[in-house]
Amino acid sequence: MKQKTVNITVPEWMNVEVLEKNFGNNITKSIIEDPKTKAKTYSYRIENEKADVFEEEMQGRTYVFPHLMILIKSASPEGNKITYFEKLQDQYNWYKALVNEVDNDTSIIRDRASQLIQNCSTDREKVATLFAWVQDNIRYVAFEDGIAGFKPDAAQEVLRKKYGDCKGMSNLLKEMLVTQGYDARLAWLGTHHIAYDYSTPSLGIDNHVICALFLDNGIYYLDPTVKYMPLGEYPAAIQGRQTMIENGDDFLLKVIPAFESKLNTDSLFCDYRIENGMLIGEGSYTYKGESKQLLLSLYHATPKDKLNITLKGFLEKGNVQDKVSGIKIEGTDSRAKETKIAFGIANKSSVQQANDEYYIGLDTDKDFSRNVIDTAKRKHDLFFPYKQRIVQNIVLNIPDDHVLVHLPESLSLHRDGYRISLSYTKENSKIVYRKEITFMQQLLNKNNFEQWNRDLAALKKAYREQIVLKKK
C-alpha cells in the first residue's frame, strides 16, 4: 500500500475555507483542533491514489485532478482584522486599486488612436480598426512576476514596446477607445481551462483580462491577444465564461455569449470534369471563426518567399500525382470575417481507370479518418479545441460518353455531441457529393469513446466507397 498524509494548519486568527475538489474514495479527511491554540489542522490521508496523467486535448487540470482550493477570507493576527477576499467585492476592490495605480498617458494614446481612425466614418468601423490594430501590431507576451501578474502595464508603455500581456494589451485597447469617446472597460475572467467562476472569490478563479465595450445597447468582448478574430466574434476559450467587468466602485457580472458550431466553418467547393484520366477543375476553401484564426496564424508565420510552395503543399495534401495552380487568397487580416483560398487543380490520385470504367473517390480530405481513440490507453475525456463544422460540396460532371454504374450509399450519424453525414446524388449530368461533420460540443465523454470509434469505422468505410462510371 502506498500512502501519504498532507496536513494544513490554520491558526485561530485566520478565517480560511478549504474546498476539496475532484476527491475520490482514496482520499479521506479529518479536522483536528488544538485545545490550547485553537488552531485547526486539516489532515488528508491519501492511499493508493493513481498518478495524475496529463494527455493532449483534455480539460484543464482543475476539472480533472484532485486538489485543494484554499479561500483566505480574512485574518486578525493582533486583534485588528485584515480583510482579504471575504466577498467578491473585496477581490474587485483589490483589482480596481491596482488599475487605479496605472499612470496612463492619455494624450499619447489619444493622438495615436486619432491617427488610426482618421479615415473611418462609423462607430463600428472605428472600433474595428482600433481593435485590429492592437491585435496585429502588439505582440502577446505572457508575464507573471509578483504584482505585475495582476497590475496592468501603462498603455503608453505597451504602445512603445509593441508587446504586452493580456492586461497590458487590454488596457491599451481600452484607453484607445476611451480617448475616442467610447465606453470601454477592463474585464476579468477565467478561460475554459479553469473549472471555477466568481462564486468562490480567489486569485485562482481567473487567468485572463479582456476589454468590454458598451456599444449599440450591447456589450462587445474584445480579446486583443487573439489575432485574426474580428469584432463580434470570440475565441472558444472565453465563450460561455463568467466575466467581472469594472463599473466604477462596483462591478458587473456577465456571461460571454457562446456561439454555435457554424461560426467555425471550414468549407470546400470543387467543380470537376474528367480529362485524360484526371479530375480537372476549380476549387475553393473558405474558413470562418476559429478555423480561420488557426489558418491565418500559420499563414502569417510562414516566410513570404515560401508562402506559395507552402500553400501548394497544403492544397495538394502530399499527393504527388495532384497539381494545384493559380492560388489566390483573400481575407488575411484581423478584420476579415472569412478567408478564402481559390485554386485550380489537376487531381490524378482520386481516379483509377480499368478498361472502359472509371473508379472515382471525390473526398481527398477524409476528415477524422485517423482520429480513432485508443481506449486502452486514453485516461481522460476528450476536449476538442473548439466546436467545429466541416462542409464539402464537390461536383463531378459526367462525361457525355459515360454513364453512371454505381453511386455510393449515404451515411448519416446523429449523436448527442456530433453529427456526421455523407451523401451522393445524381442531378442531371452531375454527381454532387455533400459532406458535413459538426461538433455541437467540445467535450467527448469517455463513456462515448466506443460509439465514437464505431462511427469512425463507418466513416472510413464510406470514404473507401467509389463512384463507378462506364463508357457507353
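Me: How many helices and strands does the secondary structure of the protein chain come to?
Reply: In this predicted model, the protein chain has 9 helices and 27 strands. Its C-alpha atoms fill a box of roughly 100 × 70 × 40 Å along the principal axes. Buried residues make up 46% of the 472 residues.

Me: Why is the pair of Tyr 92 and Phe 251 called tilted?
Reply: Start with what has to be known. A pair of aromatic rings is described by the distance of the centres and the angle of the planes. Tyr 92 and Phe 251 are 5.5 Å apart, centre to centre. The limit for a pair is 6.5 Å, so the two rings pair. Their planes stand at 50 degrees. Stacked needs under 30 degrees and edge-to-face needs over 60, so this pair is tilted.

Me: What makes this pair a tie between parts apart in sequence?
Reply: Look at the two places. Tyr 92 lies in helix 2 (residues 88-100), and Phe 251 lies in strand 13 (residues 250-255). The pair therefore ties together parts that are 159 residues apart in sequence.

Me: How do you know whether Tyr 92 and Phe 251 are buried or exposed?
Reply: Buried means under 20% relative accessible area. Tyr 92 has 0%, so Tyr 92 is buried. Phe 251 has 17%, so Phe 251 is buried too.

Me: What makes Phe 384 and Trp 452 a tilted pair?
Reply: Their ring centres are 6.0 Å apart, and their planes stand at 50 degrees. That angle falls between 30 and 60 degrees, so the pair is tilted. Phe 384 lies in the loop between strand 20 (382-383) and strand 21 (389-397). Trp 452 lies in helix 9 (residues 449-464). The pair therefore ties together parts that are 68 residues apart in sequence. Phe 384 is buried at 8%, and Trp 452 is buried at 1%.

Me: Which residues form one aromatic cluster?
Reply: They are Phe 85, Tyr 92, Trp 94, Tyr 95, Phe 150, Trp 188 and Phe 251. The count of aromatic pairs comes to 20.

Me: How do you know that Arg 185 lies over the face of Phe 214?
Reply: Arg 185 is at 4.0 Å from the ring centre of Phe 214. The limit is 6 Å, so the distance passes.

Me: Which residues make the contact of helix 3 with helix 6?
Reply: Helix 3 brings Thr 106, Ile 109, Arg 110, Arg 112, Ala 113 and Leu 116. Helix 6 brings Leu 172, Glu 175, Met 176 and Thr 179. These residues divide into 5 nonpolar, 2 polar and 3 charged.

Me: What makes Asp 455 count as buried?
Reply: Asp 455 has a relative accessible area of 3%, which is under 20%, so Asp 455 is buried. The place of Asp 455 is in helix 9. Leaving aside neighbours within four places in sequence, Asp 455 is in contact with Leu 413, Arg 415 and Tyr 418.

Me: Why is Thr 129 called buried?
Reply: The value for Thr 129 is 10%, and the cut-off is 20%, so Thr 129 is buried. Thr 129 is in helix 4 (residues 123-137). Beyond its neighbours within four places in sequence, Thr 129 is in contact with Leu 116, Ile 117, Cys 120 and Arg 335.

Technical notes
Residues numbered from 1 in each chain as written. Predicted model: local features only at pLDDT ≥ 70, side-chain atom pairs only at ≥ 80, totals over all residues. Heavy atoms only, no water. Helix = DSSP H or I, 4+ residues; strand = E, 2+ residues; numbered from the N terminus. Buried < 20%, exposed > 50% of the residue type's maximum accessible area, 1.4 Å probe, protein only. Lys NZ or Arg CZ within 6 Å of the ring centre and 35° of its normal. Contact = heavy atoms within 4.5 Å. Nonpolar A, V, L, I, M, F, W, Y, C, P; charged D, E, K, R; others polar.
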